[in-house]
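Please look over the sequence and the model shown below before going on to the notes.

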Amino acid sequence: MRILILGGTGRTGSVIIDEALTRGHTVTALVRDPGVVPSKDGLTIVKGTPLEKTDVNRAFEATPDDKPASVIVALSSKRETNSPFSKAVSPPRMMADANALVVKAMKEYGVRKLVVMQALGVGDSFKNLPFPMRMIVRNSQMARSYEDHDLLDKEVRSCGLDYVLARPSRLVEGDVMPIKFFGDKGNGIGSMSTITRKTIAAFLVDAAEKSDWNGTTPVVAN
């Protein structure tokens, strides 16, 4: 199966690419700077931005004899530094607008499976975000990112495609570990819960391969 991946140059996106290739899938990655993505067997790189319809369409058309069967989106809003109080760089609706273009292209090309990496605290899981994080989100530039995620959440739910909106807890480095599910809202998740990037990458590829989580917003942790 060919998987189209958006956000493949990020710390988690690059791991998703490796996970999909390791499983024998072929991958198309739409990236702004192809020079930062190492060449690998089974990987097709398309230069462009997910905010331009022509670039998104080129990603779907890059391999005419092996078009994508599913899409994984691992985009995230950018700030000048990693500090939650740092100035936002990405447009306010970057993720929502990019996903809107992806959804439109998926319908045009007959692709039904959309898997999006969100975060614990998006939408109706916000109440289960640990209290200190809720305060940081509300009083920092992270609020802008979560507002974008919330817009995406609402729009994808009504798009008519087979979607999975994954909501991982705090991302950390490490190997694949057993995954725990906390429903669609995160009820019962611990305040110190984390998940490794390799674990969430494996789950996102699982979700692209299977229909088990279609129409859900699973909150996951290790």
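How many nonpolar, polar and charged residues are there in the lining of the largest pocket? In this predicted model, that lining divides into 21 nonpolar, 19 polar and 8 charged residues.

**The largest pocket**

- The volume of the largest pocket is about 1,500 Å³.
- The lining of this pocket comprises 48 residues, and those closest to the centre are Arg11, Ser76, Ser77, Leu171 and Arg197.
- Two or more lining residues come from each of the elements β2 (26-31), α5 (142-157) and β7 (170-172).
- Helix α5 gives the most to the lining, with 4 residues.

**The cavity**

- The structure contains 1 cavity of 30 Å³ or more.
- The volume of the largest cavity is about 50 Å³.
- Its lining is formed by Ser77, Lys78, Arg79, Ala88, Val89, Ser90, Gln141, Arg144 and Ser145.
- By class, this lining has 2 nonpolar, 4 polar and 3 charged residues.
- Ser77 is among the residues closest to the centre of the largest pocket, and Ser77 also lines the largest cavity.

**Helices α1 and α6**

- Packed helix pairs are described by the angle between the two axes and by the distance between those axes.
- Helix α1 (residues 13-22) and helix α6 (residues 197-209) have axes that come within 9 Å and cross at roughly 55°.
- Helix α1 is therefore oblique to α6.
- The crossing of α1 past α6 is right-handed.
- On the α1 side the contact is made by Val15, Ile16, Glu19 and Ala20, and on the α6 side by Arg197, Lys198, Ala201, Ala202, Leu204 and Val205.
- The residues of this contact comprise 7 nonpolar, no polar and 3 charged.

**Helices α4 and α5**

- Helix α4 (residues 131-138) packs with α5 at an angle of about 95°, and their axes are 6 Å apart.
- This angle makes α4 roughly perpendicular to α5.
- Met133, Ile136 and Val137 of α4 meet Met142, Ala143 and Tyr146 of α5.
- The contact of α4 with α5 holds 6 nonpolar residues, with no polar and no charged ones.

**Helices α3 and α5**

- Helix α3 (residues 94-109) and α5 pack at about 25°, with their axes 7 Å apart.
- Because angles under 35 degrees count as roughly parallel, α3 and α5 are described as roughly parallel to each other.
- From α3, the residues Met94, Met95, Ala96 and Asn99 meet Ser145, Asp148, His149, Leu151, Leu152, Glu155 and Val156 of α5.
- The residues of this contact divide into 6 nonpolar, 3 polar and 2 charged.
- Ser145 of α5 takes part in the contact with α3, and Ser145 is also one of the residues that line the largest cavity.

Key:
Residues are numbered from 1 along each chain as its sequence is written. This is a predicted model: local features need pLDDT of at least 70, side-chain atom pairs count only at pLDDT 80 or more; totals for chains, interfaces and linings use all residues. Side-chain values use heavy atoms; hydrogens and water are left out. On a 1 Å grid over the protein atoms alone, a cavity is a set of points where a 1.4 Å probe fits but cannot get out, and a pocket is an open set with protein on both sides within 12 Å along at least five of seven lines; lining residues have an atom within 4 Å of a point. Grid points are joined across faces, edges and corners, and a volume is the space filled by probe spheres set on the points. Ala, Val, Leu, Ile, Met, Phe, Trp, Tyr, Cys and Pro count as nonpolar, Asp, Glu, Lys and Arg as charged, and the others, Gly among them, as polar. Axes are lines fitted to C-alpha atoms, for helices over the stretch in contact, and angles run from 0 to 180 degrees between N-to-C directions. Angles under 35 degrees count as roughly parallel, over 145 as roughly antiparallel, 65 to 115 as roughly perpendicular and the rest as oblique. A crossing is left-handed if the near helix is turned anticlockwise from the far one by less than a right angle, and right-handed if clockwise. Contact means heavy atoms within 4.5 Å.
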